[in-house]
Amino acid sequence: MAEERDVAELREKLARAAQLLLYKHHMQPGAKAWELKRALGRDYEQILNLLDAEFDKLGLQVKRVSEGEASSDSDRYYATLRGHPRVTEARTFGWRIDDMAMLTVALAHILSKQGKAPLKEVERMLEEKFPRWRIESTLDRFIRRGYLSEDDEGLLYVGWRARAEIDQRTLLGLLLGKEEKPSEAEAEPKVETTKVEEPQRD
Amino acid sequence: MPGERQELMLRIIDLCDTVRKRGIDPFDVEVREFFDRLRELLPNLKKHEELYLDIQAVLGLADVVFQQGEWIKHKSSMLYLDPLLIMLKLHALPTRELADVFARSWHPIVQLETLSPHGIAEAKQYWTNLPSLEERWRGLDTTEVFTGEIARRELARMGILSEEDFAAVLDRTWRELKEAAGERGEISYWDFIHTQSFEETVKRAWLVSFLVSYGYATLELKPLEEEILLRPLPKPRELERVATFSVPIAISRDEWLRRRKGG
């Protein structure tokens with residue numbers, strides 16, 4: 001009897017966790033660690049591991065993005081695609097090939113420069129292949145959507161959405177023609193974690 | 001010599017700033033050498049300005065040392081790849097391949113939007129309170145009014161038109177100013193415009209601004225004494241030959257009360 005009650009409770013928590021991660025309830029998608037802890041209890045990480053296993057059946061995954069070395073209550077969890085879309089599929093999501101190429105150039109340049117690069121420098125690089133008017137509007141859109149962020153001094157950083165959605169190591173590896181290694185998440189369902197070292201801002 | 005000292009310190013500050021803002025290799029900065037130079041300069045620094053520059057230069061170099069630490073951390077991380085190599089690749093790859101690199105490293109966030117019970121309740125309330133389209137489109141009841149005539153005196157009574165001609169008012173104020181300035185030929189601005197009512201004070205200030213603008217009087221500002229002097233001219237001056245500038249003078253009710261109490 002007690003066991004049945006535990007199973008029902010667990011299912012309820014799983015459903016609650018899925019709702020918190022999937023439904024947008026703030027400006028940003030996903031949920032913060034403290035929100036999940038409050039809704040699911042102290043063992044929220046175990047619930048998320050179980051949810052990740054359930055998501056795996058649907059080609060999704062739970063992803064944690066932390067902003068420092070150690071995990072903290074301000075870490076954010078998202079539901080993302082476990083695999084990656086093809087270019088043709090990405091186009092059906094409303095992305096142009098040019099947009100994808102521009103974001104790749106911007107991100108790769110920022111990452112190779114220790115996580116920050118002047119906006120003007122990125123614009124100059126893009127100007128070799130794209131018209132200026134397209135560059136400005138596209139970079140603006142990337143900033144608005146959270147793929148990039150800009151500070152008062154005109155420096156570009158990797159935005160919150162890029163940290164959640166883009167496997168930075170894979171991106172740089174693919175650029176240099178390296179083989180993509182299968183991630184641990186594909187071998188065994190487990191909440192994927194991305195630790196981001198925030199560049200020093202003034 | 002002091003110029004050279006300042007130039008060196010400014011150069012160090014600028015260099016450190018460039019490392020921080022442009023992301024250039026912090027190991028390109030000869031930190032030790034610069035610290036040695038600053039140490040040599042320190043006994044000769046006398047002015048506050050020079051000492052301040054010295055502090056800024058030392059802080060800048062300390063920041064470069066911090067950036068060097070971060071640089072080493074980044075280089076030892078799995079994400080480090082030679083920036084030059086990355087740049088070459090970015091230049092060489094065609095747009096389609098760059099897009100393919102993005103797609104293969106992309107795991108888009110899955111996100112759904114839904115109405116919450118609170119949102120539904122708000123929507124219901126909005127729907128209930130919303131007037132029908134017919135009601136909203138109903139025209140406003142208006143009555144056509146034909147143009148008529150109104151007497152000048154009536155307009156003056158309504159405060160739209162002054163009973164006195166503006167030029168005459170200005171002329172009268174000029175004469176008052178000349179009288180108030182007397183033999184000294186000058187009077188304090190505040191003494192001249194100040195009256196028993198705030199409204200009248202503002203009106204006099206407004207008229208004085210025209211007197212000065214049209215060349216009937218001049219203003220002299222004494223910032224140290226915090227005084228403004230008005231000097232009426234015997235004849236209006238041609239302003240084309242004079243260099244003019246605007247002086248904003250704020251008149252608040254508090255200021256008027258303060259001066260009134262102060263006598």
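## The chain B sheet

Let's start inside a sheet: Leu219(B) stands opposite Leu230(B), the latter in β3(B). This is a predicted model, in which local features need pLDDT of at least 70 and side-chain atom pairs count only at pLDDT 80 or more, while totals for chains, interfaces and linings use all residues; side-chain values use heavy atoms, with hydrogens and water left out. Residues are numbered from 1 along each chain as its sequence is written, and chains are lettered from A and ligands numbered from 1 in the order in which they are written.

Strand β2 (residues 217–222) and strand β3 (residues 227–232) of chain B run antiparallel, joined by six bridges. Strands here are DSSP runs of E with at least two residues, helices are runs of H or I with at least four, and both are numbered from the N terminus. Two strands count as paired if DSSP finds at least two bridges between them. Along this pair, Lys222(B) faces Glu227(B) in β3(B). The hairpin of β2(B) and β3(B) has four residues between the strands, and Glu226(B) takes a positive phi near 55 degrees there.

β1(B) and β3(B) are joined by two bridges and run antiparallel; here Ser188(B) sits opposite Leu229(B) in β3(B).

Contact means heavy atoms within 4.5 Å.

Asp191(B) has its place in helix α10 (residues 189–193) of chain B. Is Asp191(B) buried or exposed? Asp191(B) is exposed, with a relative accessible area of 55%; the cut-offs are under 20% for buried, over 50% for exposed and partly exposed in between, using a 1.4 Å probe and protein chains only. Asp191(B) and Leu229(B) are 38 residues apart along the chain, and their C-alpha atoms are separated by 9.5 Å.

## Chain B as a whole

Chain B has twelve helices and three strands. Of its 263 residues, 30% count as buried. Among the contacts in chain B with a separation of 6 or more, 61% come from residues 24 or more positions apart.

## The chain A sheet

Chain A also has an open sheet of three strands, in the order β4-β6-β5, with antiparallel pairing. Its edge strands are β4 (116–118) and β5 (148–150) of chain A, each pairing on one side only. On average, neighbouring strands of this sheet are turned by 30 degrees against each other, direction ignored.

β4(A) and strand β6 (residues 155–158) of chain A pair in the antiparallel sense over three bridges, and Lys116(A) stands opposite Tyr157(A) in β6(A). Helix α6 (residues 119–126) of chain A lies across β4, β5 and β6 of chain A, at about 75 degrees to β4(A).

## Rings and charges

Rings of Phe, Tyr and Trp (its six-membered ring) pair if their centres lie within 6.5 Å; planes under 30 degrees apart count as stacked, over 60 as edge-to-face and the rest as tilted. By this rule there are 14 aromatic pairs over all chains. One of them is Trp206(B) with Phe210(B), edge-to-face at 5.2 Å centre to centre and 85 degrees between the planes. Both residues lie in helix α11 (residues 198–213) of chain B, four residues apart, about one turn of the helix. Trp206(B) counts as partly exposed, at 44% relative accessibility.

Ring pairs also link Phe93(A), Trp95(A), Phe142(A), Tyr147(A), Phe102(B) and Trp106(B) into a cluster. Lys178(B) lies over the face of Trp174(B), 3.7 Å from the ring centre. The rule for a charge over a ring asks for NZ of Lys or CZ of Arg within 6 Å of the ring centre and within 35 degrees of the ring normal.

## Where the chains meet

The contact takes 61 residues from chain A and 41 residues from chain B. How much area is buried between chain A and chain B? About 5100 Å², of which carbon and sulfur atoms give 66%. Buried area is the accessible area (1.4 Å probe) that two parts lose on being put together, summed over both. In chain A, Gln114(A), Leu175(A) and Leu176(A) lose the most area to chain B, together 13% of what that side buries.

Note on methods:
Axes fitted to C-alpha atoms, helices over the stretch in contact; angles between N-to-C directions.
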